[in-house]
Amino acid sequence: GGPTEPPRNDGGARASIIPRPPRLATLSSLRSILDRGQTRADLYGIVLGFSSPSRTNSGQHKMSIVLVDETLPLPSTDGGGDVESVTLVFFSRHPSGLPKVRSAGDVVYLERIRVQEFAGNVQLAAYSNSRPVVAVARPSSAAPGGWTMSAAGGAAPPPGFDGETATRLRGWGLRRLSSHPTVPGRKAATLSCLNEDAAEGESTLASGGDLTVVVAGIVETPEGARRRDSPRGYLRVWDGTGPSRSDPHPFTPDASASDPPMEVLTSLESSVGSIRSSPSDPGPLSGADVGPPVALCGRVVNAVVWEEGLWDTVTSSSVRPGSFVRLRNVLNAASGPTVSLGSTNCISVHSKSSLTPLPNDAYEIKLLLRRHHDLVKSGARPNPTSAILPSRTRDIARQMRDNGFTVLAECTELPPPRTFTVQFEVSHTVPRIDSGGG
């Protein structure tokens, strides 16, 4: 058998150049390829983000994939600057001919790819009439050679694909996603920017911005409610910012449901576990004893998904409650198509937006965890409808206090706390309540 998930924790992302066969280019060498008058290249890349399929004016199907490798400069971690990358644009006569990308961190193997310049930047392009090879690879212990392969157009896995090179590049890619920003600092935003009292100078998403969020719910527009101008569906999203409340459900709210639900808390718990078990640089979590949140502060917001292709990305990329995703170039709905959700504003995920699932220890996920940790430490109260994470530690009292909760023993002290939030299990009631409704 071949490799499964490659090692991730052998240092930072500033690695030496990964050995490749001489015929393979790197992303940083593409400019010199153009300068020599060449127009084709074979190479590997790591997915940083991707767009959903769309149609061109000529009727072709199109999507783009943003790629990085270890030869490109790493972005600054001070919150500013650009993220250097190269975009691959793929065109196909049929949607089945487009690559099947699932997540940031996927390995992409390319042969006979056109190298060109667009708007002053090097760009890769794949046109179906030139018979390019575009294969997306993910590690799998059950697959021959240790990799599952999705080649555009359903073609067989290319013989030029080298599992050892892909393993090393995948390991570097996951470390890079964890240790350095994946979006330009000037475009990064949070859900707090939807508030009427947003800080001066803070993005309001009026001209577009990028969000890193956890999916709290997926709501498809019912068949009977669909019209030509109606959204395809809604993502309910959370990032730990904004007032601690949940915006109205688009259709049929369940008053008994937790919001954010337990899936968000268990995903954050898994993320904290992954980060703690990694000896690599914790980045934004440096100097903070960040544990899994017991309950969640911040606002749950509706993100309106308009495009069929974007909704297909949600369903085909295994996005579910608890998934970490990046939403690029989204708008405050007050600036986009009108949506009626009571008096609340929401996020518009439109035709120029993109959605990319992220690993649970991505750099922006660490920022989200640190932000929420600091918010709880400042005394912020949790969302009253938030699910509560069951205690899984021996030091229950410490875990509760670190997350803004009071333990029952403290509620009986004199003088008692004036206000408090507690988590408890009901032993019995007096008089007895029949849970069957009798």
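**Pockets and cysteines in a predicted model**

Reader: What makes up the lining of the largest pocket, by class?

Author: In this predicted model, the lining of the largest pocket holds 15 nonpolar, 20 polar and 14 charged residues.

Reader: How large is the largest pocket, and which residues are closest to its centre?

Author: The volume is about 1600 Å³. Of the 49 lining residues, Ser-51, Ser-64, Val-66, Thr-87 and Arg-328 are the closest to the centre. Elements that give two or more residues to this lining include β1 (40-50), β3 (61-68), β4 (86-92), α4 (308-316) and β12 (324-332).

Reader: What is the volume of the second largest pocket, and what lines it?

Author: Its volume is about 430 Å³. There are 21 lining residues, and Ser-103, Arg-138, Pro-357, Leu-358 and Pro-359 are the closest to the centre. The elements giving two or more residues to the lining are α2 (163-179) and α3 (262-276). By class, the lining divides into seven nonpolar, eight polar and six charged residues.

Reader: Why is Cys-193 called buried?

Author: Buried means under 20% relative accessible area. Cys-193 has 2% relative accessibility, so Cys-193 counts as buried.

Reader: What makes Cys-346 buried?

Author: The value for Cys-346 is 1% relative accessibility, and therefore Cys-346 counts as buried by that cut-off.

Reader: How many disulfides are there, and how do you know?

Author: A disulfide needs a pair of cysteine sulfur atoms within 2.5 Å. By this rule the model has zero disulfides.

Key
Residues are numbered from 1 along each chain as its sequence is written. This is a predicted model: local features need pLDDT of at least 70, side-chain atom pairs count only at pLDDT 80 or more; totals for chains, interfaces and linings use all residues. Side-chain values use heavy atoms; hydrogens and water are left out. On a 1 Å grid over the protein atoms alone, a cavity is a set of points where a 1.4 Å probe fits but cannot get out, and a pocket is an open set with protein on both sides within 12 Å along at least five of seven lines; lining residues have an atom within 4 Å of a point. Grid points are joined across faces, edges and corners, and a volume is the space filled by probe spheres set on the points. Helices (H or I, at least four residues) and strands (E, at least two) are DSSP runs, numbered from the N terminus. Ala, Val, Leu, Ile, Met, Phe, Trp, Tyr, Cys and Pro count as nonpolar, Asp, Glu, Lys and Arg as charged, and the others, Gly among them, as polar. Buried means under 20% relative accessible area, exposed over 50%, partly exposed in between (1.4 Å probe, protein chains only).
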